[in-house]
Every structure is written in structure tokens, then in C-alpha cells.
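Load the model in your viewer and colour it by confidence.

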Amino acid sequence: MCASLAGFAVNDAMLNLLFETLPVSQTLFLRGLVASALLVGAAWWFGALSFRPTRREAGPLVLRALGELGVTAFGSLDQNADAEVVLQ
């Protein structure tokens with residue numbers, strides 16, 4: 001619990017420093033890169049990267065990945081819709 005609280009404090013401090021010098025989009029992109037690197041490192045450490053789906057599992061996994069890719073790529077084409085949701 002102490003480690004997670006320390007991680008939150010470090011994350012908050014780093015984001016506050018970055019927000020002073022970079023736009024919000026770049027700051028969040030950098031945060032995502034660091035978080036992804038940490039998660040991949042933790043997954044490698046615990047051996048979670050050795051997952052090999054069976055043929056039966058592969059189909060639904062590919063469909064889900066394609067669905068998430070589609071939502072990410074085309075879900076926010078209307079930039080004004082995102083701003084309206086935030087303002088509500």
C-alpha cells in the first residue's frame with residue numbers, strides 16, 4: 001500500500017511538472033508511454049508474456065482486438081462530441 005501511494009505521489013508530481021511545459025496531449029502521451037513500459041516490464045517479470053492462445057481462443061481475441069482498434073480509430077471522429085461530454 002505504501003508503494004502504491006508513493007507511486008501515485010511520484011506520478012502526480014511528474015505530471016504537474018510536465019503540464020507546466022508541455023501541452024496536455026503530449027503530457028498524457030508521455031504518461032502512457034511510461035505506464036506501458038512499466039506494465040510490460042511487470043508482465044515480463046511475472047512471466048505473463050508467454051501466453052499462447054489455443055485455436056479456439058484465437059478467434060474471439062482477434063475480433064476483440066479489431067473491435068477495440070476500430071473504436072479507438074473511429075470512435076472520436078467528432079472532436080466536438082468529446083468536448084461536450086467533458087463539459088456536461
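**Confidence first**

pLDDT is the predictor's confidence in each residue, from 0 to 100. Where pLDDT is low, the predicted coordinates should not be read in detail. Over the protein the mean is 84, with 84% of residues at 70 or more.

This is a predicted model, in which local features need pLDDT of at least 70, side-chain atom pairs count only at 80 or more, and totals for chains, interfaces and linings use all residues. Residues are numbered from 1 along each chain as its sequence is written, and side-chain values use heavy atoms, leaving out hydrogens and water.

Now show the cartoon: the protein has four helices and zero strands (DSSP runs, H or I of at least four residues for helices, E of at least two for strands, numbered from the N terminus).

Next, select α1 (residues 2–21) and α2 (residues 24–45), whose axes (lines fitted to C-alpha atoms over the stretch in contact) come within 9 Å and cross at roughly 145°, on a scale from 0 to 180 degrees between N-to-C directions.

Finally, show side chains: Asn-11, Leu-15, Leu-18 and Phe-19 in α1 meet Val-24, Thr-27 and Arg-31 in α2 (contact: heavy atoms within 4.5 Å).
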